Amino acid sequence: MIIAHDLGTTGDKASLHHDDGRLVASVTVPYPAHFAAGGVAEQNPQDWWDATVTATRELLARTGTAPAEIAGLVVSGQMMGAVLLDAAGEPVRPAIIWADTRSGAQQRELEAALGAEHAYRLLGHRLNPTYSVSKIMWVRDNEPDVWARVRRTCVAKDFIVLRLTGRLATDRSDASGTNAYDQQRGTWSDEVLTAAKLDPALFPEILDSTAVVGALTADAAEQLGLHTGVRVVMGGGDGPMAAVGSGIVSPEDGAYVCLGTSSWISFVTEAPLLDPAMRTFTFDNVVPGLFVPTATMQAGGASVQWIAEALSPDPAHPETGRLTAEAADGIDTEELYFLPYLLGERAPIWDPHARGAFVGIGRHHTRAHLVRAVLEGTAFNLLTCIQAFRASGAVIDRIDAVGGGAQSDAYLSVLADVWGIPVRRRTIVEEANSLGAAVTAAVGLGLADFSAARALSEVTAEFVPDAARHAAYTRRHARFTAAYEALEPWFAAAPHVQTADMLAASGAH
């Protein structure tokens, strides 16, 4: 059997699978994240490890699985972060995760050296403070005492693989999410690292996602309750893993949306897909030789979670299901709009200074209107992403939904009506990332091929757009876009932006 771990922003979603990838059981072990003004987003890597240990032991106990039955272990994880390690492989500070946007000055330094368009063609991604390399530069520039102890760097799943095997490595999907990876050559980019003034020795070796990194160390095996014969497969980033977990492993399989803390739309291609306006980007796939063009918004599910917490009597136990049900069909937001930029934004506007906003709120609006506006706001933002893909030649005529938000009928109905195409729910939604990881492990262990993923998650419901509502939403999408364009100068003039720019200009730490 195979154990797969998916290190998300809110917790480790771990799952137990048969050796062909079929899901047996899953558990989620939560852990905190620290968000603060100024774009701070951090987590303690030790929390990831503790959750990995707890989830593994719980899976074994809940299912009565003997440790001897486990043949392999694999990890999927949140991408684009920075875990900074000392000579002993221990973190020197909290991990800076994907949502952190403090490194704007470092991103501008890279852009001045490389040129925005040249960097996009080289990396498959825009230069942006949400990526790893500028976060590493930020620590060097702002925390010299910490930086003096740094010897290596990696992302979330790589840290867990290091703890499991004693070997530091990464895969191509996560490497392609660092802003330091030459996508054409498949290596760390000398050009970027020279511009960043970073030693290439900081970065781990790059393996295929299906590579067997090694066996569990004696210490890891003891903590997990497993045996040292368990082989650890490299794994990959959560975005490309979700594609496999959605049964999308080749170009003919179509597109999917992952409705997690961040939300994204993606599909599979044989070559990187470059958008002339640089609104979308491309990861390397966990399937060797393929790619996953992607458009990710920072706060998709995070926006829904935020409004649920804000409107629930106990924010620690948000009534998300009840609130989204109240916002189902029959609720007309009547020109109320929500800009879902609680954490700044990547695709499609690439503005780290943007913030969330309700626009057009009136005395008659209720909490159901507010929740509906949040659902519509995320749908409008993702519609712009779909339009960007189509402008680059992609055909998107239906989308399969995974992630926690895919459990909501109300949400999927809104998405279908806004996008004007069918949206389908799959059998496996919350465990899609770990399912993709399990299939990747099965391939790496010689037990299956990637085509097996198509049969492991089936379509269980289809939401067909209503023509009249879609026509109305098409008009309202233009208003949504205009709302951001009107507020963009105001976001850019915010005091926290001016303070950050002044500090960067002065060289202050």
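**Buried contacts, cores and enclosed spaces**

A polar contact of 2.7 Å links the side chain of Asn-128 with the side chain of Thr-130. A polar contact is a pair of N or O atoms within 3.5 Å; within protein, one must be able to donate a hydrogen and the other to accept it, and residues adjacent in sequence count only if both atoms are side-chain atoms. The model is predicted: local features need pLDDT of at least 70, side-chain atom pairs count only at pLDDT 80 or more, and totals for chains, interfaces and linings use all residues. Residues are numbered from 1 along each chain as its sequence is written, and side-chain values use heavy atoms, with hydrogens and water left out.

Asn-128 is placed in the loop between H3 and H4. Thr-130 is found in the loop between helix H3 (116–123) and helix H4 (132–142). Helices (H or I, at least four residues) and strands (E, at least two) are DSSP runs, numbered from the N terminus. Asn-128 counts as buried, at 4% relative accessibility. Thr-130 is buried too, with a relative accessible area of 2%. Buried means under 20% relative accessible area, exposed over 50%, and partly exposed in between (1.4 Å probe, protein chains only).

Leaving aside neighbours within four places in sequence, Asn-128 is in contact with Gln-107, Ser-134, Asn-179, Arg-346 and Trp-350. Thr-130 touches Met-80, Trp-98, Asp-100, Thr-101, Lys-135, Gln-298 and Arg-346, not counting residues up to four places away in sequence.

Among the buried residues of H4 are Ser-132, Lys-135, Trp-138 and Arg-140. The buried residues of H4 pack against strand E7 (83–85), strand E8 (95–96), helix H2 (104–114), helix H5 (144–147), E9 and helix H8 (190–196).

The largest nonpolar core has 139 residues. A nonpolar core is a set of buried Ala, Val, Leu, Ile, Met, Phe, Trp, Tyr and Cys residues joined through side-chain atoms within 4.5 Å. Trp-48, Leu-164, Leu-216, Ile-399 and Trp-419 touch the most other members. Helix H13 (residues 367–391) gives the largest share of this core, 12 residues. Apart from it lies another core, of 29 residues, including Ala-119, Leu-122, Leu-198 and Leu-202.

Trp-419 touches Val-257, Ile-265, Ala-379, Leu-382, Leu-383, Ile-386, Ile-399 and His-470, not counting residues up to four places away in sequence. Leu-216 lies in the loop between strand E14 (212–215) and helix H9 (218–224). Leu-216 counts as buried, at 4% relative accessibility. The C-alpha atoms of Leu-216 and Leu-164 are separated by 5.4 Å, although the two residues are 52 residues apart along the chain. Leaving aside neighbours within four places in sequence, the contacts of Leu-216 include Leu-164, Ala-221, His-227 and Val-232.

Rolling a probe the size of a water molecule over the atoms shows where empty space is left. On a 1 Å grid over the protein atoms alone, a cavity is a set of points where a 1.4 Å probe fits but cannot get out, and a pocket is an open set with protein on both sides within 12 Å along at least five of seven lines; lining residues have an atom within 4 Å of a point. Grid points are joined across faces, edges and corners, and a volume is the space filled by probe spheres set on the points.

The largest pocket holds about 970 Å³ of space. Of its 43 lining residues, Thr-10, Leu-259, Gly-260, Thr-261 and Gly-404 are the closest to its centre. H11 provides the largest share of this lining, 5 residues. The lining of the largest pocket has 15 nonpolar, 22 polar and 6 charged residues. Here Ala, Val, Leu, Ile, Met, Phe, Trp, Tyr, Cys and Pro count as nonpolar, Asp, Glu, Lys and Arg as charged, and the others, Gly among them, as polar.

The structure also holds 2 cavities of 30 Å³ or more. The largest cavity has a volume of about 80 Å³. Its lining has 14 residues, with Thr-153, Cys-154, Val-155, Thr-178 and Phe-203 nearest its centre. H4 and strand E9 (152–154) are the elements that give two or more residues to this lining. The second largest cavity has a volume of about 50 Å³. Its lining divides into 10 nonpolar, 2 polar and no charged residues.

Methods:
Contact = heavy atoms within 4.5 Å.
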